[in-house]
Every structure is written in structure tokens, then in C-alpha cells.
Amino acid sequence: MLHIVNKSPGERATLYSCLAHVRPGHSVLLIEDAVYAATKGHAAAAKIQAALATAKVFVLTADLEARARAGAVIDGVVQVDYRGFVELVTQNPRVQSWL
Amino acid sequence: MGTIEASGKTYEVDEEGYLVDLSQWNEELAGEIAKAEKIEMSDSHWEVVNFLREYYNEYQIAPAVRVLTKAIGKKLGPEKGSNQYLYELFPYGPAKQACKIAGLPKPTGCV
Amino acid sequence: MDETGTVKKFLFVNRKAPYGSVYALEGLEVVLISAAFDQDVGLAFLDDGVYQLAKGQNTKAIETKNFSPTYRALEGYDIEKLYVERESLEARGLTEDDLLVDVQVLGASEMAALMDEMDVMISF
């Protein structure tokens, strides 16, 4: 399963709610304001780090670049471009968008 | 938007003839809407219309036909809880026509 | 049903409070419409979504339609699987008794397992 999150963890609890429902082998894709969560020093980064133990975490590079955070991605998180985004959606039989 | 008249009063209806403000509903108005639908109201018609109004009061929606049929069967007896019975009373669809006469919005999911 | 006639398992995931945005009402309408397609439909309520089911909503003063009674109509639409997340209730000072319909209360990990069984999830 692919979980997609687009809300900043500084503003909403959506990311935390999502992470509480991620099971081993699932993938999480952070886009839009959610990309801040995967950057060094962010309060949410520890939760992302913990999720990496059993799940994969991806972050959309375009949204990182737009926010000047492309250089600060934490280790273990994989950056993807729009093509990678589409591949994630097609590779996973199910997608859940955490609005 | 259009209007319909009953007992000298004018009521606003939408482009499909559904009453805009359901709190304005009354039996004279229902009779006029029925006339426009070419339906002559009998006790059986009123029974369904009143049932719909009660359903709406309780659940705040107009039921889908399938749900209406089942609920009527439960309340008024199985012989009335059939598509045939309801379509004989309201040939263009019980949900659509009966809801319109009852002053309710068009049922959700009814196309 | 798809072209092979298979019934799919749908879960509508509700995570928003009822009147601050249009998500809850829109989600409920989609659920009612989905009932016409004879699929296996369930509803999950988590985070602020649990507020949708709170008993005693009165919207008179905000001049907005109170759609909470409609959740009680779901049974008539043969939609009987309503799941509520325990942690979400607890974090908001609510219990099952505060809800206006019968639900199954699940812990977050049970909810995650339930989601994992679904064919399709639709979020509101």
C-alpha cells in the first residue's frame, strides 16, 4: 500500500495519523507541505526515522526544491521526481491519500 | 428557477420543479405539484407522500427508490413495498415524483 | 462490480469534523450513492472524523443543515460496517456512548489491519 501525505506536520496531525496506520512493507510518499517532515532537524523527522525501520519513505523533489529543503533530506528517505511518483502509484495496488 | 401557485400563494421551485424551501410545504401545494405531474392524489398516494415526509424528518434525506421500497414494505405491509405498487402510483418514479409532491429535494444518487 | 462481477471491499475514511469544511457532508453523499453499486462498503472514522457521529448536534444557530441524522439512515442502505478508532475517541474525551449510531470501536493497529484488507480506500 502507498500512503500519500500532503499536509505540513507543523500545521496538522495528518502525518502522525498516517504513520500510525503504516504496516511493514508499506510505502509513504510526502508531497507539498508534507515534505518538511523529512528534513534534518524538523521535530517530525524522528517519526519518519522510526517509520523507516519497517516501511519505505519517499519525498517529491520538486516540492523540496520549491521550499529550499532539497539539501536537507534525512538519510534513508528516497527522493523521487514526478515519474517516480507515477511509478509508485502504479506499483502499489492500493493508494490511500491522507487529506 | 420557476414558481408554482397554490391557494393564491406563489412558491419558488428549482429548474426541475422541486420546492426550494421545504418548510413552505402544505397539502394544497402538494396537490398543485401533483397536478403538474398529472397525478390524481388518492389515499394511497398521500400515504406514500406522508411516509416520505416522515422519513425526511427523521433522516434529513430523501431515500433512494430501493431504500424507500424496503422501508414502505416494513411500515405499510409487503404488498405495498414493491416497485410495481409504487410505480403504479407514481409512473415516472416513486422517488422522483413522490419526493417532488412531498416537497423534498431530489433523492441523493437519483439521476 | 467490475467486468468479472467481483464485489470489491471499499472503505470510506472520514477524518474531518462536520461543519468546518465540506468534506464530511460530501463524503456522506458519496457513501449513499455508492450503496447503489452493490459493493462491500465500510466507513472508518478517525481523528476529527469521530466528531461527525457525536450525539446532540444542533446547527440551528449556525444556519447550516444538520446532517448527523443521516448516519442513522445508513442501515436502511445496507451499510452496516461503521468503524471508529479508539485512540481518536479518547484523545477527544469521547466514548462510544457519545455516538449516535452503533459502531465497532477499533484500536489504531486493528484499524491499520482493516485498511490493509481493503481493495479501495477513499478519503474525505
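Modeller: Start at Ser17(A), which sits in helix 1 of chain A, the stretch covering residues 14-19. Keep in mind that this is a predicted model. Is Ser17(A) buried or exposed? Ser17(A) is buried, because its relative accessible area is 6% and the cut-off for buried is under 20%.

What does Ser17(A) touch, once neighbours within four places in sequence are set aside? Its contacts are Trp98(A), Arg15(C), Leu46(C) and Asp47(C). Two pairs of chains are in contact, and chains A and C share the most contacts. Chains A and B do not touch. Their nearest C-alpha atoms are 24 Å apart.

Stay in chain A and go to Leu2(A). Leu2(A) is part of strand 1, residues 2-5. Leu2(A) counts as buried because its relative accessibility is 0%. Now compare sequence with space. Leu2(A) and Val89(A) are 87 residues apart along the chain, yet their C-alpha atoms are separated by 7.1 Å. Val89(A) is also one of the residues that Leu2(A) touches.

Asp102(C) is in the loop between helix 2 (86-90) and strand 4 (104-106) of that chain. Asp102(C) counts as exposed because its relative accessibility is 74%, and the cut-off for exposed is over 50%. Asp102(C) is part of a patch of negative charge on the surface. Glu75(C), Glu80(C), Glu96(C), Asp97(C) and Asp98(C) gather there with it.

Finish in chain B, with helix 5, residues 94-101. This helix is mostly covered, with seven of its eight residues buried. Those seven are Pro94(B), Ala95(B), Gln97(B), Ala98(B), Cys99(B), Lys100(B) and Ile101(B). What covers them? The cover includes four helices of chain B: helix 1 (27-36), helix 2 (43-59), helix 3 (65-76) and helix 4 (83-89). After helix 5 of chain B comes Gly103(B), with a positive phi near 80°.

Conventions
Residues are numbered from 1 along each chain as its sequence is written. Chains are lettered from A and ligands numbered from 1 in the order in which they are written. This is a predicted model: local features need pLDDT of at least 70, side-chain atom pairs count only at pLDDT 80 or more; totals for chains, interfaces and linings use all residues. Side-chain values use heavy atoms; hydrogens and water are left out. Patches are made of residues with over 30% relative accessible area and no salt bridge: like charges are joined within 9 Å, nonpolar side chains (Val, Leu, Ile, Met, Phe, Trp, Tyr) within 5 Å. Accessible areas come from the Shrake-Rupley method with a 1.4 Å probe; for residues, only the protein chains shown count as cover. A salt bridge is a side-chain nitrogen of Lys or Arg within 4 Å of a carboxyl oxygen of Asp or Glu. Lys and Arg count as positive and Asp and Glu as negative; His and the chain ends are not counted. The place of a charge is taken as NZ of Lys, CZ of Arg, CG of Asp or CD of Glu. Helices (H or I, at least four residues) and strands (E, at least two) are DSSP runs, numbered from the N terminus. Buried means under 20% relative accessible area, exposed over 50%, partly exposed in between (1.4 Å probe, protein chains only). Contact means heavy atoms within 4.5 Å.
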